[in-house]
Amino acid sequence: MMKMHVGVNVTDLEKSIEFYARVFNSQPIKVKPDYAKFLLDDPGLNFTLNLKNEVSGNQVGHFGFQVENQEEVLQHKDRLEKLGFFAREEMDVTCCYAPQDKFWVTDPDGNEWEFFYTKGDVETIATQSTCCATTQSKIEINK
């Protein structure tokens with residue numbers, strides 16, 4: 001089985017580990033003073049955090065998890081809100097040529113994550129959702 005690898009530069013390793021452990025519902029398998037690694041089976045993902053003195057600019061639009069149905073979207077949203085995260089909900093929006101139900105959370109360095117369910121396809125791109133907007137608002141973790 002192949003696993004996707006994503007490495008994210010972070011400025012506060014402890015806060016980032018806490019954020020991603022909650023989002024992934026899993027603990028990292030390796031933690032060093034300047035590094036952490038999560039190895040997930042579902043989804044197949046090798047995800048690393050790399051401590052940097054400064055992170056400037058966001059070279060990625062956003063990250064996300066595509067799930068099987070709206071119920072899964074709501075389950076993840078409920079789980080993360082119970083853990084103290086603010087989830088920005090976007091239900092029944094059209095984004096990236098597809099009608100979707102989704103919500104967003106933002107990590108300590110401003111990287112946005114969406115959990116979404118794609119209901120089908122449409123022929124036009126719409127900007128009802130943040131994923132298609134030219135600028136994305138950054139939502140802080142509600143602690």
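**Exercise 1.** Which strands does helix α2 lie across, and at what angle does it run to β7?

Solution. Begin with the ground rules. This is a predicted model, in which local features need pLDDT of at least 70 and side-chain atom pairs count only at pLDDT 80 or more, while totals for chains, interfaces and linings use all residues. Residues are numbered from 1 along each chain as its sequence is written, and side-chain values use heavy atoms, with hydrogens and water left out.

Next, helices (H or I, at least four residues) and strands (E, at least two) are DSSP runs, numbered from the N terminus. Now find helix α2, residues 70-82: it lies across β6, β7 and β8 and runs at about 15° to β7. Axes here are lines fitted to C-alpha atoms, for helices over the stretch in contact, and angles run from 0 to 180 degrees between N-to-C directions.

**Exercise 2.** Work out the strand order of the sheet and find its edges.

Solution. Two strands pair if DSSP finds at least two bridges between them. From one strand to the next, the twist averages 25°. Helix α1 (residues 13-24) packs on this sheet, touching β5, β7 and β8 (contact means heavy atoms within 4.5 Å). The direction of α1 makes about 10° with that of β8.

**Exercise 3.** How do β6 and β7 pair, and what joins them?

Solution. Take β6 (residues 88-95) and β7 (residues 98-106): they pair in the antiparallel sense over six bridges.

**Exercise 4.** Is Glu112 buried or exposed, and which side chain does its own side chain contact?

Solution. Buried means under 20% relative accessible area, exposed over 50%, partly exposed in between (1.4 Å probe, protein chains only). Glu112, in strand β8 (residues 112-118), has 0% relative accessibility and therefore counts as buried. Its side chain makes a polar contact with that of Arg88 at 3.3 Å. Such a contact is a pair of N or O atoms within 3.5 Å; within protein, one must be able to donate a hydrogen and the other to accept it, and residues adjacent in sequence count only if both atoms are side-chain atoms.
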